Structure formats: structure tokens, C-alpha cells
Amino acid sequence: MTFPNIMEDFLRDPTPEHRDRLRAAIMDAPRYDPLVSIAGLLADGSGTDTSTDEAAAARAVIDTIWEHMPALFLSPQAHLHLARAYSTVGAHKFSERERKLAALSLDSIRGDGTGGEDSPYQVLRVEDEYDLLASSRLRSVGQTLRESDERAFDIHTLEDGASLWFELLWRRRS
């Protein structure tokens, strides 16, 4: 099954089964990097062009992010950058689609998890942890890596002392 088919299945029916198949396809993508920095990509790809031509800078953002698809699919931050860039160039239909994909990406991180030790959020990239924290208006004051024989977790300590657990899917050993 091709990536577009897997993606379409998920978009039509975002069940855990389709989500897991999509995550596996993303991790198999040639440019997949769980440590990617979207800001770094945009800086390297001239996506943060400070020229006076906002449309040219927006097109650079669009081109840079699309060059890294499907590896960046389900990245809330990537879809938000695309939404802003499409809005800048007047492609409002595409901008709205990307906003919806950003929300769906956050939902896929939340999945069936609660963020607790027994029910961690599952992430494809470290940046996804911070996207979820920001969208929930939570601030991490510390981060710890905990590993077992089969899985690895980032545990964030929040300002109020609570912990939020994230399973690092690329570190899962099956």
C-alpha cells in the first residue's frame, strides 16, 4: 500500500489501526528524522527569508516543508507553518486544510493516551512533545529520558510538579 493510500485511509477514518499504519509509514519515509527541527529546516531552506517579499518567503516555507513530506506528515508545527504560508500567498483553501491537519496531528499525538506513566502520549518526533505542551498551555521545567528493554519515554516535569509521559515511537523495539 502506498503512502497516499495509507494517509487517505487515516483521513477518512482516523482509527487507532489507521493511525498506527500511518505512523509506521512516516517512520519509513526516507527523510524521517525524529530529531528534526522545523525552524532549523526553514532556516536552512530559506523558509525564514526576511526579505521584503512576504510571498516569496511564504513560497520558500511551502517548498521546504513539502520537500520533507511524507516524513513531516502528522507534525503539528509543519502544518501550522504551511497554513500561515498558504494564507500569506492567498491560498485560503489550502491554509484551512493545513489548520485542520495541524489539529488532527495534535489529536493523533493524544491518541488514546492520558500522558500518564501507564498511558503515555505517543510521538513521532521530539518537537511533537513541545507542540502538545504548547497547545495545552503547559510549560515543561525539566525533561528526563527513561528506557526499558522495549520502549523509551521522555518524561516532562511541569511547572506544577506534575509529570507528562511521551513514548518515543522510533525507539520502540518489537
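Which helices do the buried residues of helix 4 pack against? They pack against helix 3 (38-44) and helix 5 (76-88).

Before I go on, some ground rules. This is a predicted model: local features need pLDDT of at least 70, side-chain atom pairs count only at pLDDT 80 or more, and totals for chains, interfaces and linings use all residues. Residues are numbered from 1 along each chain as its sequence is written, and side-chain values use heavy atoms, with hydrogens and water left out.

Helices here are DSSP runs of H or I with at least four residues, strands are runs of E with at least two, and both are numbered from the N terminus.

Back to helix 4. It covers residues 54-67, 14 residues in total. From its first C-alpha to its last it reaches 20 Å, close to the 20 Å expected at 1.5 Å a residue. That expected span is 1.5 Å times one less than the number of residues. Its buried residues are Ala57, Ala58, Ala60, Val61, Ile62, Thr64 and Ile65. Buried means under 20% relative accessible area, with a 1.4 Å probe and protein chains only.

Next, the loop between helix 4 and helix 5. Ser75 lies there. Ser75 has 1% relative accessibility, so it counts as buried. Leaving out residues up to four places away in sequence, Ser75 touches Ile38, Ser105, Arg125 and Asp128. Contact means heavy atoms within 4.5 Å.

Helix 6 (residues 92-110) packs with helix 7 (residues 126-135) at an angle of about 105°, with axes 10 Å apart. Axes are lines fitted to C-alpha atoms, for helices over the stretch in contact, and angles run from 0 to 180 degrees between N-to-C directions. These two helices are therefore roughly perpendicular, a label for 65 to 115 degrees. Helix 6 brings Leu106, Ile109 and Arg110 to the contact; helix 7 brings Asp128, Asp131, Leu132 and Ser135.

Four strands form an open sheet in the order 1-4-3-2, with mixed pairing. Two strands pair if DSSP finds at least two bridges between them. Strand 1 (121-123) and strand 2 are the edges, each pairing on one side only. The twist averages 30° from one strand to the next.

Look at one pair. Strand 2 (residues 140-147) and strand 3 (residues 152-158) run antiparallel, joined by seven bridges. A hairpin of four residues connects strand 2 to strand 3. Thr144 stands opposite Ile155. Leu145 has Asp154 as its bridge partner.

Conventions:
Angles under 35 degrees count as roughly parallel, over 145 as roughly antiparallel, 65 to 115 as roughly perpendicular and the rest as oblique. Buried means under 20% relative accessible area, exposed over 50%, partly exposed in between (1.4 Å probe, protein chains only).
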